Amino acid sequence: MFDWFPKNISTFGGDIDYVFKLIFYIVGIGFLLGELAILFFVVQFRRRDGQKAKYISGDKWPQLGWILIPTVLVLFLDLWIDFAGAKAYDAVKGEMPVHDVIVEVSSKQYNWIITYPGPDGVFATADDITKENDLHVPVNKVIKVVLKSQDVIHSFFVPVLRLKQDILPGRTTDVWFEATETGKYEIACAELCGYGHYTMRGFLHIHSEEEYAAWLAQIWPAE
Amino acid sequence: MAEQATSEVQHTEQMSFVRKYIFSVDHKVIGKQYLFLSLFMALVAGTMAYYVRWQLAWPETAVPGAGWIPEPTAFSGIIPPEFYNALVTMHGTIMVFFVGMPLLLGAFGNYLLPLMVGARDMAFPRLNMMSFWTIFTASLCMIASFFVEGGSAAAGWTGYAPLSADPIYTGVTWGLNLWIIGLALEFTSFLMGGINFLTTTVTMRAPGMTMLRLPLMVWMQITAAVLFMLSVGPLVAGAILLLLDRTVGTGFFLPGKGGDPLLWQHLFWFFGHPEVYVVLLPGIGAVMEILPVFSRKPIFGYRTIIWSTMVAGVLSFLVWAHHMYVSGMDPNLVMPFSITTILISVPFAVIIFAFMATLWGGSIEFKTPMLYAIGTVTTFIIGGVTGIFNGSPPVDIFIHDTYFVVSHFHFTLFPSVFLGGFAALYFWFPKMFGKMMNETLGKIHFWWTMICFNLVFIPMFVLGMGGHMRRIYNPMQYDFLKPMQGINQFITYSAILLLLGQIPFIVNFFWSMFGGKKAGDNPWNANTLEWATTTPVPHENFDTIPTVYHGPYDYSLPNQNEDWQPQHLEKEPAAVA
Amino acid sequence: MSGASTVTEYQATHTVPGRMGVWWFLASEIMVFGGFLAVYILYRMASHGAWAAMAEHVSAPIGTFNTVVLLTSSLTMVKAFEAVDKDARDKARNYLLITVLLGVAFLCVKGFEYSHEISMGFTPLSGSFWSFYYVLTGLHGLHVLAGIIANFCLYIMAVRGTLWSKNCQGRVEFAGLYWHLVDVIWIFLFPLLYLSY
């Protein structure tokens, strides 16, 4: 059932999947009970000769209990779900942990412009390097991504990280992630941004420490 | 103000054809006009859905039946991305604003509300006529937008700025302006309609028809009208600002000129959530009328349902930011909005449980309207429970803007608009057109629609779990979506079947209208006032205005011979005792 | 069959349908202007110095004068309604005319203001404040114009005597309600646009 999810390779993705599963089981059971009850009522109380329907207006408190008690249960489960999710959301969008690597992703119709601050770790200096559509980061490190947009709203979506963030033009939005596996994954734009929206595809390269060092050495040869 | 003068409207027996059928002020004729408009627009938007689905299943191949579309909109049936975006946008816009609202509020609201409250017409008949011709003009704007240079609006039905705020981003010029103007006219139309709904209900009820003896359909209609009036204002303001951005060159939503793009989303969704209930409430209102009639039982918890509806209506104004969990708004606002969102499931749980309790102990007869009513409840439950996933902020980070969301809102809107709408149509068709609809064709239509609808939208949840983004022109661009292409194709096959499944309905509709079995005054033995008058309904609805003695749902009263008790007849002494 | 004359056929309340209709219309207008004002206030809060600099250039004295004009017209409208209530037809007619003239005066002053500002180089495209200024006052101006037309129609009807027929009952009241709304909207616009820099 949950095989349909893309692989999860972020530290917080597991929590998100957990909340999804929790909701799935809770509402799944509720859903089945509800539908089975309807099916049962419909079969049981189908029209038969000589049998009259019961006159139940449901305006008295004892009768209303039949619908209000299940409703209280629904409310309780709802709140459980909501509070179970609060922590997971806070981990992703709440306060950011201290980052090891920082990178800027600027979006425009229909490309991801990725800027690395270089060895000095500061943007807008001479050693910045800008690449299109390829985001290289090390594994097991906290990565801070500074998101910007040059034109319309885009949405930075990495399915394997369970990370999605709309990017508003005129502001910067920060997100973070920590990948747990190496590999090459896809970045997608999740917010309609024009006719080329579907082509706005980027790649997330997650390197092991050695690979990452080699990649760094390649684009910033030691001076 | 001027509409007061309508009291002078003269009713002559020999009205010209134009006055009687085209510029008619009779709520029954206007209701039918709305009905035909919405069914026609449903056909238009359904065709768009077919083009969209084909493109998703077999990207960039010629769509059978789209060869007639001239270049540069399409190329001998092959749909380019610009047109695809326009199709997605207009499918959503038309289905919500030009099918859902005209069908449920326009057609059934107008037709039924005066009959149900026991009035001779709406309070302002001329305004009523204007409201229809306004939405008619709005529909023309929408359809015309396809034929202007640059094509139709292509910024999504939500029209997020700045994509929608400056023509350079989409290449769409007048198409999107017409979209805004069309929407503004549509809003005006339903504001005018809403005046009538509320005023008629408050001031023109028949003697004895207290507010708590109103059929629930009336309650749902007026609640929907009030919700619409209270929520649409800010969006009208936003639409004016957006139009100025596009045409005059102001920068309300353009960050480069000092504007704020997020504001559009706040304005849109402040309207958006109440709007869902505007479409939903009349749909389940029809279910509330049909369930008691075919289970021969009172609706369970009449007052509780009314209160729940009001609570849901109030809450619907406090949940709009749940559409914006990943929009970049302040994360501290997310928790309060997720709580209100999750609370809104409570009143609807009450209503669903009340429906189930209505079935319990009944004597259920499976006529087509009843099948549709039960179908509405069963599928709406899926729409409700999947809303919990979307309402949960962490899960929404992943499934936001994926097919999970698409499927969720189709599971809420399709049951209310189409299943509820069909239920209503099969149920009130005898009153509206004086003929019975064919039962066999009706049942074929029900099962076909029901099965195919689920086959279309349940797999979409799977796509959403796989991270399949919505509004994607060609999913094959992404490696992680390629393995799911089979599901996309399956959905498209089902969608084509779903569309073909409407043929029995169309045949039934027209065949019954002209050659169906003649309907009696009250073919379902129902209690409410619209069945108390003759079929076909006379010009001023009732020969004499009936007096109402009790509530609308007194079925199977104990100590009584008949299992129904029309509102305009006094109870037999035995039943009173 | 509808309208004030036949209310008695129904039980229910004795509310006149027309009055409910007007209140509904006013409520929807309030929601539209409420939306505009909310947007304006949010923008104002989000941007600091630049707006104040722009807002300085509107003329508070002219705005104050216009406020007085509009408030006075509301008073004369009330007087007109009162006169209708007492069936003092000449008085009602004159008060309607004064209301119309005050409305026209308001628009003239507003037009003078516009031309002055545009001659100073402040157009709707000169920044967010000016965009809002022209949109809000322009929309309000259109409402004033609609009110003037409605009131003028009533005045013509009063001159011709048709206003006193049974069918026209309540019309001065409804027009008055609308006119007060236009006034109230201005009461919000005036401090927000003229006094808040």
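What radius of gyration does chain B have, and how does that value sit against the one for a compact globule of 577 residues? This is a predicted model, and chain B has a radius of gyration of 24 Å, which agrees with the value near 25 Å that a compact globule of 577 residues would have (the radius is taken over C-alpha atoms, and the globule rule is 2.2 Å times the number of residues to the power 0.38).

**Chain B on its own**
- Chain B holds 18 helices and zero strands, where helices (H or I, at least four residues) and strands (E, at least two) are DSSP runs.
- The C-alpha trace of chain B spans about 75 × 50 × 50 Å along its principal axes.
- Of the 577 residues, 71% are buried, meaning under 20% relative accessible area with a 1.4 Å probe, protein chains only.

**Partners**
- Chain B brings 96 residues to its contact with chain A, which brings 80 residues.
- Together, chains B and A bury about 7800 Å², 70% of it on carbon and sulfur atoms; this is the accessible area (1.4 Å probe) that the two lose on being put together, summed over both.
- On the chain B side, B:Ile397, B:Phe398 and B:Met465 lose the most area to chain A, together 9% of what that side buries.
- No contact joins chain A and chain C, and their closest C-alpha atoms lie 13 Å apart.

**Reading the numbers**
- Residues are numbered from 1 along each chain as its sequence is written, and chains are lettered from A and ligands numbered from 1 in the order in which they are written.
- Local features need pLDDT of at least 70, side-chain atom pairs count only at pLDDT 80 or more, and totals for chains, interfaces and linings use all residues, while side-chain values use heavy atoms, with hydrogens and water left out.

Methods
Buried < 20%, exposed > 50% of the residue type's maximum accessible area, 1.4 Å probe, protein only. Contact = heavy atoms within 4.5 Å.
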